[in-house]
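Thank you all for coming.

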Amino acid sequence: MKQSICVKINGRVYEDEVEPRQLLSFFLRETIGLTGTHVGCVIGECGACSVLLDGRLVKSCLLFAVQADKREIVTIEGLADDGRLHPIQEAFVQRYGLQCGYCTPGMVLAAHYLLGRNPDPTEEEIRKALAGNLCMCTGYMQIVDAVKEAAKKVNR
Amino acid sequence: MNETKYIGRTARSKEGPRHVTGRGRFADDFVMPGMLHAVILRSPHAHARIVNVDAAAARAAPGVFAVITPAEVQQKSRPFKPGRYAAGLKKPIPEYATAIDKARYVGEPIGALAARSRGAAEDALELIAVEYDPLPAVVDTAAAVRPTAPLLFDELGSNLAWKGSLRYGDIEGAFKQADKIVKEKLKIHRYSSTPLEPLACIASFDAASKKLTVWVNAQVPEVIYDALREALGLEDIRVIIPDIGGGFGQKIHLIRKYVVLVSLLAMESERPVKWIEDRSEHMMAAGHSCAQEFDVEAAVKKDGTVLGLKFTEIDDVGGSVSTLTIHFTNKLNNLSNTYKVKNIYLEGHSVVTNKCPVIPNRGIGKPGMCFIWERIMDRIAAELGLSPVEVRFTNLVQPGEMPYTTPSGNVYDSGDYPGLLKRALEKIEYEKLREEQRRERERGRLLGIGVVIGVEPGGRNASRDMAIFPEMKESPGSGGVNGATIKLEKNGTLTLFLGSPNCGQSHETTTAQVAADILGIEPEQISTSTPFDSDLAPWGVAAANSGNNFHLYDIGAVHGAATKLREKVLALAAHVLNAKTQELTIEGGVVQAAGSPIKKITFADLGKIAYGNQAMMPKGFEAGLQATFYYTFPHGEPNLVPSPEGLVRAQFTFSAGAHVAVVEVERDTGKVHVLRYLIVGDNGAVINPDVVNGQIYGSAAHGISVALGEGFVYNSDGQLLTLTLTDYGKSSTMETPRIEAEHRPAPSPFTVLGQKAAGEGAAIPSPAAIASAVEDALRPLGVKVRELPLSPEAVWKLIEQGKG
Ligand code: FES
Ligand code: FES
């Protein structure tokens, strides 16, 4: 039996019928068509599926779509403003904070969540904040440097 | 070329903007009308006969369109051609996309099913009844070769599927002349690179025209192309490779099985079918690097000079024969490492076991070869009472000897190995560090310093294998070929068609920098056609995220295509401007003739002429402004094919790096902390330092994580215990150290820009560096490091052993 939900995603309201077993990550990808939310494990280990739910960083593979009913979500597609990159996105581009790009949406959102609470983090704090997001390509160096750069940009 | 404006500097990433906005296009992002979803039926047993597969209930389940069982696989497809790595097998073993009569590892595909949704497919999969007759599992190589061991392949009569050896120089003489023979037994475990994006494939078949199109995150288009032709007997095949979420070798080989299965489902259902692997499937069945055991002997002089090296290797290759020799054959690629030893003997044993088949993985056998050299160098130093650094210096190939031919026929193009090592010691302040270590040891701290050096080969030469399997009937080809096409559009912008897919190495950015410099235009004016499409791309055998190929073949091809196009542009401009081509320069997309500021023409105006104004073209000019160039390495000789003595170029360019690891071991827990990790590297002339650094950091981080514990663990029944990334032990930001990298490039005299490889890179020496540092930390306890991984548990055991 499908259930109806109403979710605000990147500022737009969606009303949909979903199967109770549908995960939020697949709802975003397949029903809404926002494929920037990636899936690397489906068990909460990798962070590729991270989104902001009511302003908090969550792993969308650990939630059912029905749990997002009447709540607000920001996905990676919701950060740029009219094609202008968000300063955090810009920092990731400038500092080569990515290689294959698969972890990138989750990393950018995790950085966004961190900088919202702590605009001037130390390297240690950055590493802690990103510890739930795995990257298999970069060795994290340029990601950490991108977040430092982003902090500068956001504070400017 | 104009003087370089873009080559050698960082540039704005071309791939970055789409990925940071979630607009990367990965295989799972594509949706086709009417698309079905596939799931794979897998063996729960490590070793079992398949007695019967009954799929009737699944076929009748709601939403199910197609089911494939072993019987249908055998009926509708053919086995893959035994590849070059199986060339040494006594009898060819047919390998289909699924197991046919026997499962040989947990997770081996048995069948597949497609339904309208993934949920429906998973529900229906439960309805397939497979009757297995479980057999005892063979999980370690020593047990596997006992005469009473159960056989994986009855046809072979033994689990020792292959054995072979090679010798270079006078190995007996070397051992006779030696002052000392230094011996050691070493071991490397099973690991992988676990790309964040699992395997993924969509297949669509047009029955009327018999055209099969697949969208797949494969690293090597040729593997997929050939597999589909061999298995399905089709000729019209189109392989589309969108953004790949990391490869590292994981997406080269076994992925072909799934592409065939998904294609069979698409043909059967007459619908497009998508398959997305899940993480546990990836861990159990997408391929592992090989556990390798080495028995090493070095013949040395008192001063540390190595006269000869002998080693025997036992490879635990898992439950397939299609890749059984890859880790051994790759030893030829860095067989001499950075050393001038003249006499080498190597012997390989490939043992099949009931584990996941082995596959290429960042460097394949090369981290093992470097591990052999660097562990034995430390051992030689200890036994002769010399410093480990000194022993290395004694044996290094000198810069004045470049290009240097190794005993097995490799030609090292360039490099200053002593310079790399010296700089690394300087930068880390080695003497001061040793002083500090002495002080801290007195206070009980277990601090260790590991210094190693390694080469990183690049480029490909399949004919290498003929040196290892002289019985090989058909040549596997030699050298490599890849192409590029560049087109000046009628609005003056450029489009680049690369011969290779890209899985995170910034191919689009780097090639645009090269083309921009040659053509005198900004990289912003160049766009790369994505995704890779085998119908359009000028690809050859080296079109591969494999073998460190990009720097050689793709850069060579782009360089060639851009140079050809430049000539065409100049010919047309010279005609239009009534000038000589030698008087023309290009800058910012404008061709300017010497002498008069108004004698100039823009790329856009040239485009208009080339595609639409015949009267303005010179006589005999081929209309359009497009050029394709296929590059093959022009310095492939000597030893492009093996000489009668087995001398062969296994790869063509040789980067190198000196690594220093500084670690501290926690006495109570065995946990290793990496305090510093420094690399002084030579990757030839660097095109984009940010990109090359990214490759160095990523590959070092992987090698360090491997050394410190990430890896696969099986129990005695052949069940994999590490099905998740957490159990597997993948390092996060918290465990991964900062890596310091410095470049000391020695440009290659053989490549178009002096460039060399960077990709497998630091994953080759880093496991050895960590082993060396941990052993050094434990020196007060008098224990030796012989095996990876150095997980806390393993290190704790070493500490206990030292106490006891
Ligand atoms: S897919 Fe959600 S954490 Fe990995
Ligand atoms: S960039 Fe590939 S996983 Fe992070």
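This is a predicted model: local features need pLDDT of at least 70, side-chain atom pairs count only at pLDDT 80 or more; totals for chains, interfaces and linings use all residues.

Residues are numbered from 1 along each chain as its sequence is written, chains are lettered from A and ligands numbered from 1 in the order in which they are written, and side-chain values use heavy atoms, with hydrogens and water left out.

Contact here means heavy atoms within 4.5 Å, and on that basis chain B brings 54 residues and chain A brings 47 residues. There are six salt bridges between chain B and chain A, a salt bridge being a side-chain nitrogen of Lys or Arg within 4 Å of a carboxyl oxygen of Asp or Glu. One pair joined by a salt bridge is Asp123(B) with Arg21(A), at 3.5 Å from N to O. On the side of chain B that touches chain A, α1 (16–20), α4 (118–125), α19 and α20 (725–728) of chain B each supply at least two residues, and α19(B) gives the most, with eight residues. Helices are DSSP runs of H or I with at least four residues, strands are runs of E with at least two, and both are numbered from the N terminus.

Which elements cover the buried residues of α5(A)? They include α2 (87–94), α3 (104–117) and α4 of chain A, together with α19 (689–707) of chain B. In α5(A), 11 of the 15 residues are buried, where buried means under 20% relative accessible area, exposed over 50%, and partly exposed in between, with a 1.4 Å probe and protein chains only.

Turning to the backbone, Tyr140(A), in the loop between α4 (123–129) and α5 (141–155) of chain A, has a positive phi near 70 degrees and counts as buried at 2% relative accessibility. Val42(A), by contrast, is partly exposed at 28%, with phi near 65 degrees.

Finally, in chain B, a cis peptide bond joins Glu637(B) and Pro638(B), with omega about 0 degrees.
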